[in-house]
Amino acid sequence: MRKYTYCKVVFISGILLLVQGCKPETEKEEALRNVVITEVSSLSADGSTSYPGIVEEGSSVSAAFMADGKIGSIMVKEGDRVRKGQLLATLDDSDYRIGVSQLEAQFNQMTKEKERMDAMFEKHNIAPNDYEKFEAGYEQMKLQLDMAMRKLSYTRLYSPSDGYIATKYMNAGELIGAGTPVFNIVDDTNLNASVDLPVSVYLNRSKIRSAKGNVPGINVDIPLTMVSFTPDADNNMLYRMKLAIPGSYAKELTAGMNISVCLNVSEDTNSETLIPSRSILAKDGKTYVWVFNAKDSTISRKQVFIEGAPNGKMSVVKGLSGTEIIIETGVKQLFDGEKVNVLNRKEIGI
C-alpha cells in the first residue's frame, strides 16, 4: 500500500512539472525595449538678454587705378585718414601726355581745315558726299582726343570714400595693371555691431522689438538697428546678426571694440520647443512624440505641431510645455503605456 502511494505522488509531481514546462510563451516575462531619452529645449525668449559682440567697420572699398602704368608717387600711408576725393597716388603719365599732345596737334590742324571746308561747302565748291566724309573724320578725331585725355586723368587715383587706409598693397615704382587694388579703405563713419546668437533667438527674430549696445568705458546705451541676420549657422549652431551703430558714435568707437548687445523680445504665451527631428513620429497624417515618465519608466504618445526645422537634425514644434523628457530613438517600434529601459548616451556613442 505504501509503495502504491509513493508511486502516485511521483506520478502527480511529474504531471505538474510537465504542465509548468508547457506554460504559454505570452505568460513569460518580456524584456524591456532599450531607448534613448532627451530633454526638450524651450524657445521662449521673453524680456531682455545680453550677448557679447564686437564693433566692425560698416564697409570697406578697394582703390585702384583705371589705367596701366608705373606708379609715380604715393601720398598716403597705412593708418592715414582720408576724405572722399582726396588724391592718393599717381602713375607716371609721360606716355599718356605724349599721346594727348599728338592728338591735340592733329585735331587743331583738322579744326583749321574744317573752317576752310565749311566755307567751301556754303559756296557749293565741294561735293556733299566729300564734306560728309570730312565731318565724320573730324568727329572721330575729336572722340580719340577725348579718350586720350580721359586716360590721362586715370593716372591720378582719388579716394572713393571717407575713412582710413587699412592696407597699402603697392609702392612707388612698381608696375600695375588697371583694376589692381592699391589701397583698402575702411569707412569707419558707419559702424556695425556683430553678435553671434543661439537658435532660440534666430527663430524668434520677428519678436525682437529693440536693441541697444554698451561698450566698456562708454557709460551710455547706444541704440542699435538690425541690418541683417545670417540664416546659415556656424559649427556651433550660432547665427550672425549685424546691427547698425548711429554715426554720432563714430568718433568714440573703433572697429575691434567689444560691445554688449541687449535684445528686447516681446512676450509670447504660445511657446515653442526645440527637439531632435528623429524623435518625431508621423502617423495617420499627424506628428507625435513619446513622453517618458520617470516615475515608472513608461511612455505615452503626445501630438505636436511642427513649426520649422533650422537644420536637418533639429525641429521646432508646438504642443509641449518645454519641461518634458521625450524618447529620441526607435520611435516607430513603441506603443502607449510601454515600459522601457533607458540607455546611457555615452555608452552608445550619442
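A crossing of two helices is left-handed if the near helix is turned anticlockwise from the far one by less than a right angle, and right-handed if clockwise. I had that ready before looking at α2 and α3, and their crossing is left-handed.

A note on what I'm working with: this is a predicted model, where local features need pLDDT of at least 70 and side-chain atom pairs count only at pLDDT 80 or more, while totals for chains, interfaces and linings use all residues. Residues are numbered from 1 along each chain as its sequence is written, and side-chain values use heavy atoms, leaving out hydrogens and water.

**Helix pair.** I checked α2 (residues 94-122) against α3 (residues 128-153): their axes come within 9 Å and cross at roughly 155°. Helices here are DSSP runs (H or I, at least four residues), and strands are too (E, at least two), numbered from the N terminus. Axes are lines fitted to C-alpha atoms, for helices over the stretch in contact, with angles from 0 to 180 degrees between N-to-C directions.

**Rings.** I searched the whole structure and got four aromatic pairs. Rings of Phe, Tyr and Trp (its six-membered ring) pair if their centres lie within 6.5 Å; planes under 30 degrees apart are stacked, over 60 edge-to-face, the rest tilted. Phe-121 and Tyr-131 have ring centres 4.3 Å apart and planes at 15°, so they are stacked. Phe-121 sits in α2 and Tyr-131 in α3, so this pair ties together parts 10 residues apart in sequence.

Next I looked up Tyr-202 and Phe-229: centres 5.2 Å apart, planes at 85°, so edge-to-face. Tyr-202 is in helix α4 and Phe-229 in strand β15, 27 residues apart. Together with Tyr-239, they form one aromatic cluster.
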